[in-house]
Amino acid sequence: MTDADGSNVLFVVLDTVRKDRLSVYDPELETTPHLAEFAEEAAVFDNAVAPAPWTLPVHASLFTGLYPSEHGATQEDPYLEGATTLAESLSAAGYDTACYSSNAWITSYTNLTAGFGDHDNFFQIMPSELLSGPLASVWKTMNDNDTLRSVADRMVQIGNKIHEHLAEGGGGDTKTPQVIDKTIDFVDDSEDFFAFINLMDAHLPYHPPEEYAEEFAPGVDSTEVCQNSKEYNCGARDIDDEEWAAIRGLYDAELAHIDDQLDRLFSHLKETGQWEDTTVVVCADHGELHGEHDLYGHEFGIYDPLVNVPLLVKHPDIDPERDAETTVELVDLYHTVLDAAGATGRGKSLDTARSLLSAEYRDFADDVGGTDRGDVGFVEYHQPVVELRQLEGKASAAGIELDEQSRFYSRMGAARTPEDKFIHCTRVPDEAYHVDTDPGETDNVADADDPAIDALRDALWAFVDEVDADWPDEADGADGDVLDEMDDDTKDRLQDLGYID
C-alpha cells in the first residue's frame, strides 16, 4: 500500500431493512439466523441513526462523512459532486475498491461510484452499461443546468413506473446472487480490498423466491397484495390487517433470502482465510413503514422504523456485544472505515471522535443547543419532489385532493437520543416521543412541558445552523416545461433512450 496499512473492509448495506424484523434484534424471529450468528462476533448497536430515510442522501453521507445539507445529494439536486469519496481515499491509499449493487441510485450518473476501481449495477430495469455510459452523461448534463434538473426527476419517474409494472406483474427477479458472486470474485483477486455492496431484496416490490415465500408467506400471491405505496399513502387503496400480514410475510421472506446469500459470502471469506483480516460493517441505509402512522414505504416520514436502523460491526478493537446506550450516526461509518483501513482521508479527514474504533468515540468538544453532541443523532428529509408527483398522480386518478398543509408537502428534520426524539415538519405540527418507553412513537409529547424535549428542539435548530440547511416552505414538485430549453445533443440522447418522442 502507499499510505495506509489496515485491514480489508467489507461494507454491506441491507437496503430498506427494518431493525425489528431481524433475528438479531428479535430472537423470536427466524428471518435472519445467519446474521444472528454473525452478531456473536460483532458489536450490535440499538441506536444507529440514518441521516435521511432514503438511498441517495444516505449513501452520499456514508461515502463522504457529510450530512445531506452538506453534500447536497438530494432529490432537488440528485448528484454528488464537490466531495472526495471514501472509495477515492482508499484507492489512493492502495486498496482495490469495488461497488456492486442493484440499486439504480448507486451508479455513475449520481457519481456515487466515484473512486471505485470496479463497479457494477444489476438494476433490473436498465443494464449497467447504460447506467454507466450514456445515461450518466445525460444525468450530469442535466444536473449542471438548473432548468434541466427537473428532467432528471422525470427519468426517475419513468423508472418508478417500470418498477410499478413489475410489482403488479410479479416481475423483477432478485439480483442479490449476482452481487454476491461478483463480490466473491473481486475479493479473491485482491490483496487489500474495500468492497461495498447494496442488497435490494427488501425494497418494494416484494416478490421473494418461491422457497422463501412458502416458508414466510404461505398461500400469498404477491401480485394480489398492494405493492404500490403511493396508492395507499394518498388514500386511494385501503389495506386491512390480513393484507398487512401478507405484506409483512413477503417482506420477511425477502430478508431470509438476503440472509442466506450474505452467509454464502461470509462463509467464503472464512473458508479462504480472509475473514480474520476483514473489517465487516452491516447496516441498513433506511427502513420501511408497514402502516405505522398511516404510511407505507419510506416516503413522507422520519419515524423510527425508517431512521433507527440496524448496525453490526466486526473489528478486533470493538467488543462483540450489544450496545443499547450509544448513539451512532451512519455518517460516523465513513470515519470508522478510514480508521480500519489506516487511512486519513483525502476529503473529510479522519475524525477519531467519529470512529467506532476509537476510545474517544462520540467524545466531542462542543455540545449542540445545550445537549451533549455525542448523545444526539440528526435526520434530514429534503423535498420529496418525485414521490410527491407520483402521489399526486395516484390521488388525482382516484378523485382525491391532497391537503397541502400535510406531511406530503413538508421538509423534515429530527434530533434523536436513545431516550427521546423531536421531529419538525414545515407544514404540520411538531412531534416528540420518549422512544425508550414509547418505541412505536404513539404518544406525541411535543406540547408537554418537558426539558428533555425542549433540549432536543434546540439541538435540531443548532444543527440546522451548523450544516447551513435551507428550509423551504413547501415541496410543490413543480418542474415547468423545460424541453424547449434543452440543447439538441441532450434531446438526441434522451430520444435514443426512449425518454422523449
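**Figure 1. A salt bridge between D181 and R264 in the predicted model.** D181 forms a salt bridge with R264, and their closest N and O atoms lie 2.8 Å apart. The model shown here and in the other views is predicted. The pair links distant parts of the chain, with D181 in helix α8 and R264 in helix α11, 83 residues apart. D181 is partly exposed, at 38% relative accessibility, and R264 is also partly exposed, with a relative accessible area of 30%.

**Figure 2. Helix α8 and its buried residues.** Helix α8 spans residues 176-188 and has 13 residues. From its first C-alpha to its last it reaches 18 Å, close to the 18 Å expected at 1.5 Å a residue. The buried residues of α8 are T176, V179, I180, T183, I184, F186 and V187. These residues lie on the same side of α8 because they cover an arc of only 165° around the axis. They pack against β1 (8-14), β3 (96-101), β5 (193-199) and α11 (241-271).

**Figure 3. The salt bridge of R21 and D252.** The side chains of R21 and D252 meet in a salt bridge, at 2.5 Å from N to O. R21 lies in the loop between β1 and α1 (33-39) and D252 in helix α11, so the pair ties together parts that are 231 residues apart in sequence. R21 is partly exposed, with a relative accessible area of 22%. D252, at 8% relative accessibility, counts as buried because the limit for buried residues is under 20%.

**Figure 4. The salt bridge of E41 and K270.** A salt bridge joins the side chains of E41 and K270, at 3.8 Å from N to O. E41 is in the loop between α1 and β2 (43-49) and K270 in helix α11, 229 residues apart.

Terms used:
Residues numbered from 1 in each chain as written. Predicted model: local features only at pLDDT ≥ 70, side-chain atom pairs only at ≥ 80, totals over all residues. Heavy atoms only, no water. Helix = DSSP H or I, 4+ residues; strand = E, 2+ residues; numbered from the N terminus. Expected span 1.5 Å × (residues − 1). Buried < 20%, exposed > 50% of the residue type's maximum accessible area, 1.4 Å probe, protein only. Arc of directions from axis to C-beta. Contact = heavy atoms within 4.5 Å. Salt bridge = Lys/Arg side-chain N within 4 Å of Asp/Glu carboxyl O.
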